[in-house]
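These are my notebook entries on one protein model. I set down what I looked up, topic by topic.

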Amino acid sequence: MSAALLAAVQLYSQSSIDKILSQIEENNTALQSLRSKTDAARAENRLSNKLADPQAEFGYMWGSPSAKKNVSVSQSFDFPSLYASKRDLQALKDNSLEMAYKAQRLEILLTAKQTCLETVYYNALRNLYRRQLNSARLIAEAHKIMLDKGQTNILEYNKAQMNLSNMRAELSRAEAEREALLSSLAAMNGGQPLALEDSVYILPPIVQDFDLWYSSVKEENPALSYLESRVRQAQQEVLVSRRSSLPSFSVGFAGEYVGPEKFSGVTVGLRIPLWENRGRVNVARAEVLSAQKELDDAALQYYMQLKMLHSKAVALEKTVAEYGNLFSVGRGDELLYKACKGGELSLLNYLLEMDYFFSAFEKKLQAEKDLALALASLESFKL
């Protein structure tokens with residue numbers, strides 16, 4: 001395959017997987033449910049900074065020589081700075097909810113991409129086994145003709161038939177694994193089936209200096225962004241708790257009516273929260289400390305995980321390159337088949353050589369898959 005054709009195939013492969021991920025993002029029922037829950041939680045946040053309901057009272061007292069009537073209407077207000085703090089807290093809560101949604105979205109799409117990459121592997125394996133089965137069928141047919149002509153014995157014929165049965169079993173196993181993966185993709189796509197026929201991977205070059213690469217991507221992790229927003233939210237909770245200890249006010253109208261006498265006017269009230277907010281600031285400070293420690297631990301774990309994946313990817317990149325050089329010259333299975341058909345190789349030697357060839361080719365595919373999975377995890381923030 002020419003370099004230009006390989007690049008075109010790889011571009012198509014990337015496009016195919018990207019299209020599948022776009023469909024899954026649109027149709028995934030877990031994401032739809034999560035989006036609805038996030039929107040509902042954001043709507044609930046907006047209820048936390050509203051004015052208290054007005055209060056109205058009416059009293060009627062029987063008496064002599066005339067009854068007494070009382071009427072009052074009042075509206076309470078928190079200290080103005082408390083409303084501003086609650087508004088900022090609401091914005092931070094909304095941001096935390098959105099970051100949490102993005103983190104869980106990333107997990108779902110990463111699982112989907114990993115499933116796609118596994119499918120690509122079994123597509124390649126299926127193609128390999130189909131080639132192997134075709135060669136085994138031709139060898140078995142040739143040995144049947146040779147047996148009928150007395151040019152070979154029953155033992156050689158049985159070897160050819162056994163090789164054919166083994167190849168059928170291997171192809172059946174690969175196809176079953178592939179179908180199971182496609183079923184998983186369909187489940188992630190809201191039950192709608194998806195097609196993926198690609199059998200090659202996009203394996204971009206890896207930046208060898210991990211710390212240099214990490215410094216450019218560490219801000220892109222939505223899980224860490226969520227925890228950072230949690231810290232900011234907890235810090236704002238401290239400010240809200242402090243300002244909740246400020247007095248609240250009420251203003252209103254009151255009237256008292258006794259016979260022909262009428263009294264009415266404005267009322268002003270002051271409420272001082274001496275007891276109910278006691279200790280809330282300390283609780284909020286403790287939550288800040290807890291959120292910061294959780295963020296620090298998550299950042300360390302994220303760094304170590306990426307460093308491990310990067311080291312693994314660098315090693316796999318070398319392995320894939322070595323296998324690429326090994327299989328860069330011709331189709332080894334075709335050469336072996338021609339040698340066996342031309343009588344240059346005995347059936348036993350042909351089967352042994354084919355076993356070596358396909359074992360090495362499977363390891364090449366496995367190394368490519370492992371590298372593709374490692375890169376998918378390293379670059380999951382791009383999803």
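This is a predicted model: local features need pLDDT of at least 70, side-chain atom pairs count only at pLDDT 80 or more; totals for chains, interfaces and linings use all residues.

I began with the side chain of Asn28, which reaches the backbone oxygen of Met188 at 2.8 Å. I count a polar contact as a pair of N or O atoms within 3.5 Å; within protein, one must be able to donate a hydrogen and the other to accept it, and residues adjacent in sequence count only if both atoms are side-chain atoms. Asn28 lies in the loop between α1 (3-27) and α2 (29-45). With a relative accessible area of 5%, Asn28 is buried; buried means under 20% relative accessible area, exposed over 50%, and partly exposed in between (1.4 Å probe, protein chains only).

Residues are numbered from 1 along each chain as its sequence is written, and side-chain values use heavy atoms, with hydrogens and water left out.

I found nine helices and four strands in the protein chain. Helices (H or I, at least four residues) and strands (E, at least two) are DSSP runs, numbered from the N terminus. From the N terminus on, I read the order of elements as α-α-β-β-α-α-α-α-β-β-α-α-α. Of the 383 residues of the protein chain, 37% count as buried.

Ile154 is found in α4 and is partly exposed, with a relative accessible area of 46%. I also looked up Ile154 against His143: the two are 11 residues apart in sequence and 9.2 Å apart in space, C-alpha to C-alpha. After α4 comes Gly190, whose phi is positive, near 70°.

I recorded an open sheet of four strands in the order β1-β2-β3-β4, with antiparallel pairing. At its edges stand β1 (55-61) and β4 (261-271), each with a single partner strand, so one side of each is left without a neighbour in the sheet. Neighbouring strands of this sheet are turned by 15° against each other on average, direction ignored; axes are lines fitted to C-alpha atoms, for helices over the stretch in contact, and angles run from 0 to 180 degrees between N-to-C directions. Two strands pair if DSSP finds at least two bridges between them. Seven bridges join β1 to strand β2 (residues 68-77), and these strands run antiparallel. Among the partners I checked, Met61 has Lys68 as its bridge partner in β2, and Ala56 stands opposite Val73 in β2. A hairpin of six residues joins β1 to β2.

Entry 6, aromatic pairs. How many aromatic pairs does the structure hold? I found seven. Rings of Phe, Tyr and Trp (its six-membered ring) pair if their centres lie within 6.5 Å; planes under 30 degrees apart count as stacked, over 60 as edge-to-face and the rest as tilted. The rings of Phe210 and Tyr303 have centres 5.4 Å apart and planes at 65°, so this pair is edge-to-face. The pair links distant parts of the chain, with Phe210 in helix α5 (residues 210-217) and Tyr303 in helix α7 (residues 280-326), 93 residues apart. Phe210 counts as buried at 7% relative accessibility, whereas Tyr303 counts as partly exposed at 22%. Tyr214 and Tyr303 form an edge-to-face pair, 5.0 Å centre to centre with 85° between the planes. Tyr214 lies in α5 and Tyr303 in α7, so the pair ties together parts that are 89 residues apart in sequence. Tyr214 is buried, with a relative accessible area of 11%. I noted one aromatic cluster formed by Phe210, Trp213, Tyr214, Tyr302 and Tyr303.

The charged end of Arg35 sits over the ring of Tyr101, 4.2 Å from its centre. My criterion is NZ of Lys or CZ of Arg within 6 Å of the ring centre and within 35 degrees of the ring normal.
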